[in-house]
Amino acid sequence: QCTDGYEWDPVRQRCKDIDECEIVPDACKGGMKCVNHYGGYLCLPRTAQIIVNEREEAAAESTSGRNNVIRRTPADPHRAPPNPTHQIQCAAGYEQSDHNVCQDIDECATGIHNCRADQVCVNLRGSFSCQCPPGYQKRGDQCVDIDECTLPPYCHHRCVNTPGSYYCQCNAGFQLASNNHTCVDINECDANNPCAQQCYNILGSFICQCNPGFELSSDRINCEDTDECRTSSYMCQYQCVNEPGKFSCVCPEGYQVVGGRTCQDINECETTNECREDEICWNYHGGFRCYPRNPCQEPYVLTSENRCVCPVSNAICRELPYSVVYKYMSIRSDRTVPSDIFQIQATTIYPNTINTFRIKSGNENGEFYLRQTSAVSAMLVLVKSLSGPREHIVDLEMLTVNSLNYRTSSVLRLTIIVGPYAF
């Protein structure tokens, strides 16, 4: 922005003087002649002579050779010798030098200007100009701040105006580039990695994530252990144990973990047990028991494995069941009811006989019911849920009669072991 009387020269990239004598018609009246001057022009009598020092860039170059403008240099052989006794008349803004020529007065250096304290004095040929410092513009006779933030965008994000200048700011998560105008993303993960475990940079910010088994805390930075055991009661079949970043399942004594969560009975009879030689090992859900290999009690004698017979030759046997068979079975605790649990069936079938089945003992609380399924078989039904660990001994009797009034009976002594758990 050039001051009055100057215009911008795009070639030389600076302000140049406007020749008003060329562009202003009839600039001078009353027979006066127009002489161009820095930042303006002069109206002088036509007989006036103007001497311009060649060492300075002449403002009257365009009028050289007219209006009696004389250009002199120190090396000019036709230059008149100085006559110190002859006083010359200089135009306003010039003064006589020691060489008896007119030279410019630097009003800014001598302090004879009238620029305000908030203005900058710029010396001109024959005059001076009061200009505003960078970042200010002239409004009347005052310099006011230029709000650069209202001009076409200088800043990428935010512009902050200051007296005579401005600076740029970036939004959170960004920083100024080297040009102090553009904002570039800050990779927080590479800078200081604020996350406790995993950090992912995104434009203008970052997000934290946690390893499996952990979850973000309320500050969205730290990770807290996820208590999987509290999130669900079905994580483990028996007991869930929380650990940092994971969990594990444990099973009670007599069981082993299968598939990470399920409890499976350990068959101690196949691995290790404390049964004697005269005992057999019977595995049940959650443990094992030892039973005698010969369970027969007087007057019964062992005829085959688990089968005791009362000899007919013994008079006592006439009032007792002919045979007693010992069986063992295991059921889980709290089994759903009604549930078929054991089938009894005649091993020998005689013609013209009728078989009936009944629970002879061991059902004092009504937990069982015996349903006859055919002429030679019956099904033991659990009708009341049983909780373990406990042992039930139930005698199931089969009565056999024929048309000749023959009557006999046999007993199946069933030992039911109820495990301590429902698995």
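## Start at a pair of leucines

Select L370 first: its bridge partner is L380, in strand 33. Keep in mind as you look around that this is a predicted model.

Now widen the selection to the two strands around that pair. Strand 32 and strand 33 run antiparallel to each other, and five bridges link them. They belong to an open, antiparallel sheet of three strands, ordered 30-33-32. Which strands stand at the edges here? Strand 30 and strand 32 (368-372) do; each has a single partner strand, so one side of each has no neighbour in the sheet. Going from one strand to the next, the twist averages 25 degrees.

A word on what holds such an arrangement: strands of a sheet pair through backbone hydrogen bonds, in either a parallel or an antiparallel way.

Zoom in on the strand 27 end. Strand 27 pairs with strand 28 (residues 307-309) in the antiparallel sense, over three bridges.

## Two loops with cis peptide bonds

Select V337 and P338. The peptide bond that joins them is cis, with omega at about -5 degrees. P338 sits in the loop between strand 29 (323-331) and strand 30 (339-345).

Stay in that loop, between strand 29 and strand 30, and click on D334. What is there to see in its backbone? Phi of D334 is near 55 degrees, a positive value in a residue that isn't glycine. Buried or exposed, or something in between? D334 has a relative accessible area of 44%, so it counts as partly exposed.

For the other cis bond on this tour, go to G388 and P389, where omega is near 0 degrees. You'll find P389 in the loop between strand 33 (377-382) and strand 34 (390-402).

## Back along the chain

Jump to N100, in the loop between strand 7 (94-96) and strand 8 (102-104). N100 also has a positive phi without being a glycine, with a value near 60 degrees. Its relative accessible area is 12%, so N100 counts as buried.

V24 belongs to the loop between helix 1 (20-23) and strand 3 (33-37). Why is V24 called partly exposed? Because its relative accessibility is 32%, and that class lies between the 20% and 50% cut-offs.

## Last stop: the annotated stretches

Finally, colour residues 104-144, 145-184, 185-224 and 225-264, which an unreviewed UniProt entry lists as "domain: EGF-like". Take 145-184 on its own: this span is 0% helix and 40% strand, and its end C-alpha atoms are 29 Å apart. Then try residues 225-264, with 10% helix and 45% strand; the end C-alpha atoms there lie 29 Å apart.

Methods:
Residues numbered from 1 in each chain as written. Predicted model: local features only at pLDDT ≥ 70, side-chain atom pairs only at ≥ 80, totals over all residues. Heavy atoms only, no water. Pairing = 2+ DSSP bridges. Helix = DSSP H or I, 4+ residues; strand = E, 2+ residues; numbered from the N terminus. Buried < 20%, exposed > 50% of the residue type's maximum accessible area, 1.4 Å probe, protein only. UniProt positions renumbered as here; feature names shortened; annotations may be inferred. Axes fitted to C-alpha atoms, helices over the stretch in contact; angles between N-to-C directions.
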